[in-house]
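I opened the model today to look up a few positions. My notes follow in the order I took them.

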Amino acid sequence: MDRKVVIFDHPLIQHKLSILRDENTTTKDFRELINEISMLMMFEATRDLPMEEIEVKTPCGIAKCHQLAGRKLAFVPILRAGLGMVDGCLKLVPSARVGHIGLYRDETTHTPVEYYCKLPKDIEERDVFVVDPMLATGGSAVDAISQIKLRKPRKIVFMCTIAAPEGLEALEKAHPDVDIYCAALDEKLNDDCYIIPGLGDAGDRIFGTK
């Protein structure tokens, strides 16, 4: 099955990402930037959605137009930081459903622990976009996608703001059928499994709990 990994080089995404990384960026600005970057990424990530031709009556005649060919979408943020990306995605696709998966990282083992999973009832009819600002070890993303696959959606896409090579490799290995979209691929993980240079703890910076 064809699968792609896209690292965005769009100037607007990269400009906003540079401000997002700055340790002096306020919580308000950080939250707004995460949403703006997510919206720009979603614009590109939905480029291949199927279309169908329709006719529309305008004040001056009949226009041959195109609309989405009935493809249903769902956005599933990995709690809690993934919530920061949802509004930006919904601005482009307001009819999409939103599910939630709750995972936290065990501070000793650095492995994900699931505590919540609530997905749309018709998930098998939808293309699912799993969103999380950071792809560090990849553990949370791998586990979240595994849980979603049990419900048999049409397709799964993963979208993050910053990825570490270790996390990207782990996700590709575990789920070779999943398309991956990132705004940046950083250098490495440190001993505490934080992305370097990264942007710190995305959840803390989104919700002001740092």
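I began with Val-5, which lies in strand S1, residues 5-7. The model is a predicted one. I looked up the accessibility of Val-5 and got 31%, so Val-5 counts as partly exposed. I then checked for surface patches. Val-5, Ile-7 and Leu-185 make a nonpolar one of about 200 Å².

Next I went to helix H1, residues 11-21. Which residues of H1 are buried? I noted Ile-13, Lys-16, Leu-17 and Leu-20. They cover an arc of only 105° around the axis, which puts them on the same side of H1. I also looked up what they pack against. The partners are helix H2 (27-45), strand S10 (155-163), strand S11 (179-185) and helix H6 (202-207).

From there I moved to Thr-161, found in strand S10. Its relative accessible area is 1%, so Thr-161 is buried. I listed its contacts, leaving out residues up to four places away in sequence. Thr-161 touches Leu-17 and Leu-20, along with Ile-34, Met-85, Asp-132, Pro-133, Cys-182, Ala-183 and Ala-184.

My last stop was Asn-35, in helix H2. Is Asn-35 buried or exposed? I read 13% relative accessibility; the cut-off for buried is under 20%, so Asn-35 counts as buried. I then asked what Asn-35 contacts beyond its neighbours within four places in sequence. I found Gly-84, Met-85, Val-86, Asp-87 and Gly-88. I checked one C-alpha pair here. Asn-35 and Gly-84 are 49 residues apart along the chain, and their C-alpha atoms are separated by 6.5 Å.

Methods
Residues numbered from 1 in each chain as written. Predicted model: local features only at pLDDT ≥ 70, side-chain atom pairs only at ≥ 80, totals over all residues. Heavy atoms only, no water. Buried < 20%, exposed > 50% of the residue type's maximum accessible area, 1.4 Å probe, protein only. Helix = DSSP H or I, 4+ residues; strand = E, 2+ residues; numbered from the N terminus. Arc of directions from axis to C-beta. Contact = heavy atoms within 4.5 Å. Patch = residues over 30% accessible without salt bridge, like charges linked within 9 Å, V, L, I, M, F, W, Y side chains within 5 Å. Areas by Shrake-Rupley, 256 points an atom, 1.4 Å probe, with all protein chains shown as cover. Salt bridge = Lys/Arg side-chain N within 4 Å of Asp/Glu carboxyl O.
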